[in-house]
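Have the model open as you read.

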Amino acid sequence: MPSIPSRDLTHAGGTQALATPAVGSSANDLVRPCDRPEPRHRRPPAADGVTVAVALSGGGFRATLSGLGVLQFLADGGLLGNVRYSSSVSGGSVANGLFAHHYDALAAEGFTGEAFNRIVVAPCIERISGSSFTWKLVGNVWRVIGPKTRVNVLADSFADWFFGAQPLAETPAQCRFVLNAANLTTGVRFTLEREIVGDYVSGHVATDTTGLRLADAVAASAAFPIAFNPMHLKGLDLPCGRDRPVKLQDGGVYDNMGLEAIDGLDDDELIIAINAGGLFYVRRGYGWIPVIRDFLRINSVLYRQSTALRRREMVDRFRAWEVANKAGTPQPPWARRGVLFGLTTTFDDTNPASPEWARDRPEYPEPTQTLARVKTSFARLQQDTCEQLVYRGWWLTGATLATYHREALPAELPTWGQPG
């Protein structure tokens, strides 16, 4: 029987298990949920059929493109219009932001696979393969002179390439788009959404009072430590955080899979989670400057541990749902319906994919780790690599859903290049 996972901290009361004073902190700095009145998000409208939630992990443009592959499959399978929750971190937030930015245009064309490819995927691949976003950032480094910082340049570059000046408060209401950052001050997940921004320690404020752009939210979610300074949000009248600065760093610092934001969903909502994070290599030669080398290695071990724990917990919850569903018994309160996979997920004789899916839908022919080894960065990628990453995300989504949740898919499974 799967172990009972911990509950979403946003629904708990009192001092949390995380409430351990850090170096230089006092007992007054313990992590406690905000208990004052504050604005909340509204539940998205009901979907016609299965309600879908997606979680797109971090991992640079590697995560962006494989995340677009997940959404492409949903469009091909007629399920993109059923997505009511879309949570993301870092590189996955670029894909999430593109979905939000083009949502109305996609809706006008019925969320078809052809429309998603034409409006979102193809232009994104053209951008990423045509020039280097990293060099764009380097070329704009002079803008740091004055009040702007590196993370502000990142936000402006995202606006120029992908999102324009669209306000975060004007993203679509039909789907709850959640872009996750880590608040270095409170040490918890900071949500950036259409209706609210904030975290469960400092509280939340209405987004339309902040002036934040969609590009700012994506940049806060993708501000990788050291490469980018934290994004300082000033002037936020947070109910329990008026005396605390808001310093936002890459959401992967707290939860690189974006799972916590969808933790409280009902057990009948279909969760699709992809882990496109970097690989952990077992080797001795991982640097030569002693202090920096060991610090980076320890950071990698901590990241691997936290990601593995979140992954195992969610997989246990998915298995609990499957066991109860097959037995025809009531669902345990912690069970969830869904799939979780990584770029290196494989199907073999001991864990076969659905024969119906595998027929005429070839897996990426190279070794499964090839695409997972694409560097975690916003550097230029070759067009064929971009297309392969999109296909990998598409194939894995189809393979896992056809194998474990065939009931959620159309009678005729989608075929690559022939969207339904």
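1. A cut-off to keep in hand: a residue is called buried when its relative accessible area is under 20%. Bear in mind too that this is a predicted model. With that cut-off, 16 of the 22 residues of H12 are buried, so the helix is largely enclosed by the rest of the structure.

2. Of the 420 residues, 53% count as buried. Looking at contacts with a separation of 6 or more, 76% come from residues 24 or more positions apart. The accessible surface comes to about 19,400 Å², and carbon and sulfur atoms own 54% of that.

3. In soluble globular proteins, nonpolar side chains tend to be buried together. Here the largest nonpolar core has 97 residues, and Leu74, Leu80, Phe158 and Leu192 are those with the most contacts inside it. Which helix gives this core its largest share? That would be H12, with 10 residues.

4. Leu74 deserves a click. Leaving out residues up to four places away in sequence, Leu74 touches Val52, Val54, Leu79, Leu80, Val83 and Ile272. There is also a second, separate core of 12 residues, with Tyr85, Leu259, Ile262 and Phe318 among them.

5. On to the cysteines. The structure holds one disulfide, formed by Cys34 and Cys240 with their sulfur atoms 2.1 Å apart. The torsion about the S-S bond is about 70°, so this disulfide is right-handed. Cys34 sits in the segment before strand S1 (52-56), while Cys240 is in the loop between strand S7 (231-233) and strand S8 (246-250), so the pair ties together parts that are 206 residues apart in sequence.

6. Are the two partners buried or exposed? Cys34 has a relative accessible area of 14%, so it is buried. Cys240 is buried as well, at 15%.

7. Cys124 is in no disulfide: the nearest cysteine sulfur belongs to Cys386 and is 7.5 Å away. For a disulfide, the sulfur atoms would have to be within 2.5 Å. Cys124 counts as buried, at 2% relative accessibility. Cys175 also counts as buried, with a relative accessibility of 2%.

Definitions and conventions: Residues numbered from 1 in each chain as written. Predicted model: local features only at pLDDT ≥ 70, side-chain atom pairs only at ≥ 80, totals over all residues. Heavy atoms only, no water. Buried < 20%, exposed > 50% of the residue type's maximum accessible area, 1.4 Å probe, protein only. Contact = heavy atoms within 4.5 Å. Areas by Shrake-Rupley, 256 points an atom, 1.4 Å probe, with all protein chains shown as cover. Helix = DSSP H or I, 4+ residues; strand = E, 2+ residues; numbered from the N terminus. Core = buried A, V, L, I, M, F, W, Y, C linked by side-chain atoms within 4.5 Å.
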